[in-house]
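Try each task on your own before reading its solution.

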Amino acid sequence: MSRRLLDNLRIATMAGPHGWGMVDGAIGIEDGRIAFVGAAPAGWQGVEREDFAGRLATPALIDCHTHLVFGGNRAREFEMRLEGATYEEIARAGGGIVSSVTQTRALSEDELVAQALPRLDALLAEGVATVEVKSGYGLTIAHELKMLRVARRLGGLRPVRVVTSWLAAHAVPAEYKGRADAYLDEVALPGLEAAQAEGLVDAVDGFCEGIAFSPAQIGKVFEKARALGLPVKLHAEQLSNLGGARLAASFGALSADHLEHLDAAGVAAMAAAGTVAVLLPGAYYFLRETQAPPVKLLREAGVPIALATDCNPGTSPLTSVLTTMNMGCTLFRLTPQEALAGFTRNAARALGLSEEIGTLEPGKRAEIAIWNAAEPAELAYRIGFNPLHALLLPVHGEKVAEGRMRGGARS
């Protein structure tokens, strides 16, 4: 039996539906699981105490929506957008997702791993221990499978849990222009079967939008997912309201993501289904959008709100969860508590992992971020400053990652 005793901490457990769940004291770890939070019970007196000098402890962070694996970049489209081109205009001119498809197809698995690792390392340096990674830039069976193999390899190269999503219904590739249904029948659906057979897929995603796939087409993808026993999630209501969130909820989706154009009916459907709202302020900021997600309606309906970086080459080249927290507060008017919950307990729920991670409670995996901070609101408050002191994961019961100290300051 392996035990650790982390002492002298301010602990934001993130347990319960609201607030920080603050506890001062210690965290006991037994065989990689949290044994207690707070005062050490009898039987722990002989365990050597690790003194963290009053630092803040939170659950390790979870980035529940990323497109981390891709080739190249789309910096030129960034310039075009600043010159006045819209997201849809760029996409219809052959840019956007299709541009990343060309660059991703051209790279080998090894080359994609090499390009993705720096992005992953940036997330880990800010306390991330779980990251979701989507396919969607291959758009052939072989290239979509290649992307998911790369995602699985990343999880073996770094101390991180990688959760994969099949996102072949991301865009219609050039060779299927005007034949979206044929693309689904010949690539997205049989490819999903192949991905599951190879053990590469944990969930199924899609992009429900005028420039991508209709609700009826996404429904076809979700029916296949249901037949294979896979959970679903959806890019919905980002640019317009096609009822994607309601469709996702009707399939019991883990999450509906983006949601800038979500209406009251969609909110009600998500609340009834227990579907998490994953908000992506990086894309909202980068695209200079003006219609924010209906946060007030989501709150009032009791829909859990998660946050994520949406790291991708075209609309959110963002690899900082801490900056995303600040964006969630400043752009969407989330509270700092909601922002941290968005990267912990609600992000875990969006990945179907609430039983394992997302809060610091007895029985959960001991995935803990230690911060050079006195209050949890500091994590959303600063911009461009990383106060991570250490990321503790149950790998051989050892500290496996450590953030850089910034002058040794705690606040």
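One thing to keep in mind throughout: this is a predicted model.

**Exercise 1. A set of annotated positions**

Task: UniProt, in an unreviewed entry, places the feature "binding site" at Tyr137, Asn312 and Gly314. Work out why they gather at one spot.

Solution. 
- Step 1: Begin with the UniProt positions, Tyr137, Asn312 and Gly314. They span 178 residues in sequence, yet no two of their C-alpha atoms are more than 11.4 Å apart, so they gather at one spot.
- Step 2: Look at the largest cavity. From this set, Tyr137 and Asn312 belong to its lining.
- Step 3: Place Tyr137 in the fold. Its loop runs between β6 (128-134) and α5 (141-157), and with 2% relative accessibility Tyr137 counts as buried.
- Step 4: Do likewise for Asn312, which sits in the loop between β12 (305-307) and α12 (321-332). At 3% relative accessibility, Asn312 is buried.
- Step 5: Check the contacts. Leaving out residues up to four places away in sequence, Asn312 touches His67, Phe70, Tyr137 and Pro317. The side chain of Asn312 also reaches the backbone nitrogen of Gly314 at 2.8 Å.

**Exercise 2. A second annotated set**

Task: The unreviewed UniProt entry also places "binding site" at Arg74, Tyr137, His170, Gln238 and Thr315. Which of these residues does the lining of the largest cavity include?

Solution. 
- Step 1: Go through the UniProt set, Arg74, Tyr137, His170, Gln238 and Thr315. The lining of the largest cavity includes Arg74, Tyr137, His170, Gln238 and Thr315.
- Step 2: Take Gln238 as an example. Gln238 is located in the loop between β9 (233-236) and α8 (244-250), and at 5% relative accessibility it counts as buried.
- Step 3: List its surroundings. Not counting residues up to four places away in sequence, Gln238 touches Phe207, Glu209, His258, Leu259, Glu260, His261, Ala283 and Leu287.

**Exercise 3. Reading the sheet**

Task: What is the strand order of the open sheet of 8 strands, and which strands stand at its edges?

Solution. 
- Step 1: Trace the order, which is β5-β6-β7-β8-β9-β10-β11-β12, with parallel pairing.
- Step 2: Find the edges. β5 (61-63) and β12 each have a single partner strand, so one side of each is left without a neighbour in the sheet.
- Step 3: Zoom in on one pair. β6 and β7 (residues 161-169) run parallel and are joined by 5 bridges; Thr130 stands opposite Arg161 in β7.

**Exercise 4. A buried threonine**

Task: Thr66 lies in the loop between β5 and α1 (75-82). Is Thr66 buried or exposed, and which backbone atoms does its side chain reach?

Solution. 
- Step 1: Thr66 has a relative accessible area of 0%, so it is buried.
- Step 2: The side chain of Thr66 reaches the backbone oxygen of Glu132 at 2.5 Å and the backbone nitrogen of Leu68 at 3.4 Å.
- Step 3: Beyond its neighbours within four places in sequence, Thr66 is in contact with Val131, Glu132, Val133, Lys134, Thr309, Asp310 and Cys311.

Definitions and conventions: Residues numbered from 1 in each chain as written. Predicted model: local features only at pLDDT ≥ 70, side-chain atom pairs only at ≥ 80, totals over all residues. Heavy atoms only, no water. UniProt positions renumbered as here; feature names shortened; annotations may be inferred. 1 Å grid on protein atoms, 1.4 Å probe; cavity = no way out; pocket = protein on both sides within 12 Å on 5 of 7 lines; lining within 4 Å. Helix = DSSP H or I, 4+ residues; strand = E, 2+ residues; numbered from the N terminus. Buried < 20%, exposed > 50% of the residue type's maximum accessible area, 1.4 Å probe, protein only. Contact = heavy atoms within 4.5 Å. Polar contact = N/O pair within 3.5 Å; in protein donor to acceptor, adjacent residues only side chain to side chain. Pairing = 2+ DSSP bridges.
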